[in-house]
Amino acid sequence: MQPVINIKNIKKTYIMGMVEVNALVDVTIQIQKNEYVAIMGPSGSGKSTLMNVIGCLDTPTSGLYEFNGVNVGDMNDNELAKIRNRDIGFVFQTFNLLARSDALHNVELPLIYSGMKKADRKARAEEALGHVRLEDRMHHKPNELSGGQRQRVAIARALVTNPSIILADEPTGNLDSKTGVEIMGLFNDLHAQGNTIILVTHEEDIARHAHRIIRVRDGLIENDHIVENRVLPGIHS
Amino acid sequence: MQLQESIGMALNSIRVNKLRSVLTLLGIGVGVFSIIGVMTAMGVLQNAIESGVSSLGANTFQIQKYPQNFFSDRDRRRYRNRKDISYDQAALFYERMKLAKFVGLEVWEGGKVAEYRNIKTNPSVGVAGESIDGIATNNWNIVNGRSYTNQEVQSASNVVVIGSDVVKKLFPMGNPIGELIRVDGDQYKVVGTLEDKGGMLGGNQGNMVILPITTHMNKYGKERSVNIMVTARDQKSYNDVLEFSRGVLRVIRQVPPGQPDDFEFFSNDTVIAQFNDTTFMIKIGAVGIACIALLAAGIGIMNIMLVSVTERTKEIGIRKALGATKFNVLSQFLTESVIFSQIGGVIGIVTGSIMGNIVSLLLESPPVYPWNNSVAILQTPFLDFTALQMNITALIFCSLIGIVFGVYPAWKAANLDPIEALRFE
């Protein structure tokens, strides 16, 4: 079966002033459909760079990156924007909702950029908000929502386009542990429904929700293994 | 992304940054206001003057000692030394001008009181003295009664034709014909009334009484300069009549050959042309000021948009992460600045039209509506602009300003690196 993500020997080099920094030295990963993968690593390990590359926010300096079999390395800005729009659902540590727009509009946003008609995208956004059980908070602005609710809006926004992967960057980093457990429960549900989830975190407890953990250090894959004893959250949100 | 979305986002961002938006809108509003205000006011003045001077009949010109208006002391000194056009000279001119259709002679006295029984007017009634043709050359219509007869002019009878304002004041109910009124102390019999032609510059078209010129001169003296009005038979003979009357009057006033005329001609056309000459510079000045104001407003918009882009770096990052292309971001910010300038432009047009038309209230002359498309309010050597064209031009110009000054901030926003932008706090 064709992997969703096929990364082969990628390298990413930044030039900071006069110095070349090798954020990714040589990384090879394959991620299949409906996998639940955690990418772990201390800060400075290259984990954020790897996430940006996987999320098509950045392109590798060299090496091959195929997304659903299409080479991303050759793409221009507009094509990358299209991939991000259709195939990647981002969930961020700081939620990254538009502060001045209500939950519904935030969830609609990716659909606006995909050119969907107003009535259709409203229906889709409402459905996605229903999925994260926020039907009754649709017209609340982010500052009228709790942290957990904000992250659920962000997850609804990530889901609304039916992306190939959901890419979550420290999704529980700004939440208390109880709410964090709820959000992880939601990810488990999403995975159970057939979504492919890539979780970037530095917390062992969070990473152990995934089926597979990829450890990154100094721009290299240190370890890539299947999780033996997965944490199954006791509380489903 | 559809334009509708961009517009919605732009309106939203204007709404959430109220103070900042209002200040920017003010900037562009003032620029447009100044130009539309001045143009509308000038258009109103022009309306007023055109309806004012059109009280002279068609194909009619006037000859006076003084030009219609003069602006400097030097001019005043030059004309002051001219000899008056005496009644005798004017009468002689009348005798010799058989070529013309009408030759009216006219003298004026202003600021008098007319009374009937115990009703008095304000001391603002103009007292005209007219020869028999004067009614026709002034394009006055008698609606009630009659004009005075040749006989009455010859014998300097105490008869009077009264203007519509005086009729309204002194005879709110009754018929004035045959009644005796008092003007400036003397008694006159009313023989006719004039048609109401509405107000004009100075507003005295109806606020006057008309005596035979002989009666007028007996009362107010002969030591005054007579205005001569000449109506040609038709448009074709107008210039001939004008040249002929110039020759006749030069002979009568014994102007040596080679010397300039010691009298002035003017007609509706020359008055309008003169008005346009004077106001043209004012209009050009207004356009200049407005351009500077709009330039300042444009820089204001650019400044605001740059601040806005910086403030919203995170938002731009989010949008880009969610799939906004460069073009999406560019068009969003560009739409925002164009909408800014458009709203400012509309505010300027509305307030400018209102301010300009306040002049029309003061002058009681017809207003110039912003959608008026028939009267040119700005005449340039290349193009004439009506009020409607002026306003449309203003809006297009505002869009241009929005685009020109919005392009750089929008371009800056569109080219932000999504990773950097997302990291921005």
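Colleague: Why are α3(A) and α5(A) called roughly parallel?

Modeller: In this predicted model, helix α3 (residues 103-114) of chain A and helix α5 (residues 147-159) of chain A pack at an angle of about 30°, their axes being 7 Å apart. Angles under 35 degrees count as roughly parallel, over 145 as roughly antiparallel, 65 to 115 as roughly perpendicular and the rest as oblique. The two helices α3(A) and α5(A) are therefore roughly parallel.

Colleague: Which residues make the contact between α3(A) and α5(A)?

Modeller: From α3(A) come Ala103(A), Asn106(A), Val107(A), Leu109(A) and Pro110(A), and from α5(A) come Val153(A), Ala156(A) and Arg157(A). Residues are in contact if their C-beta atoms, placed from the backbone, lie within 7 Å. By class, six of these residues are nonpolar, one is polar and one is charged. Here Ala, Val, Leu, Ile, Met, Phe, Trp, Tyr, Cys and Pro count as nonpolar, Asp, Glu, Lys and Arg as charged, and the others, Gly among them, as polar.

Colleague: What makes Asn68(A) partly exposed?

Modeller: A residue is buried if 20 or more other C-beta atoms lie within 10 Å of its own, exposed if 12 or fewer, and partly exposed in between. Asn68(A) has 15 C-beta neighbours inside 10 Å and therefore counts as partly exposed. Asn68(A) lies in the loop between β4 (62-67) and β5 (70-71) of chain A, and has a positive phi of about 50° although it is not a glycine.

Colleague: Why does Ala156(B) count as partly exposed?

Modeller: Ala156(B) counts as partly exposed because it has 16 C-beta neighbours inside 10 Å. Its place is the loop between α6 (150-154) and β7 (159-162) of chain B, and its phi, near 50°, is positive in a residue other than glycine.

Colleague: How do you know that the buried residues of α2(A) are on the same side?

Modeller: The buried residues of helix α2 (residues 77-87) of chain A are Leu80(A), Ala81(A), Arg84(A) and Asn85(A). They cover an arc of only 135° around the axis, so they are on the same side of α2(A). What covers them includes β6 (88-91) and α3 of chain A, together with α11 of chain B.

Colleague: How are residues and chains labelled, and which limits apply to the model?

Modeller: Residues are numbered from 1 along each chain as its sequence is written, and chains are lettered from A and ligands numbered from 1 in the order in which they are written. As the model is predicted, local features need pLDDT of at least 70 and side-chain atom pairs count only at pLDDT 80 or more, whereas totals for chains, interfaces and linings use all residues.

Definitions and conventions: Axes are lines fitted to C-alpha atoms, for helices over the stretch in contact, and angles run from 0 to 180 degrees between N-to-C directions. Helices (H or I, at least four residues) and strands (E, at least two) are DSSP runs, numbered from the N terminus. Two residues are in contact if their C-beta atoms, placed from the backbone, lie within 7 Å. The arc is that of the directions from the helix axis to the C-beta atoms.
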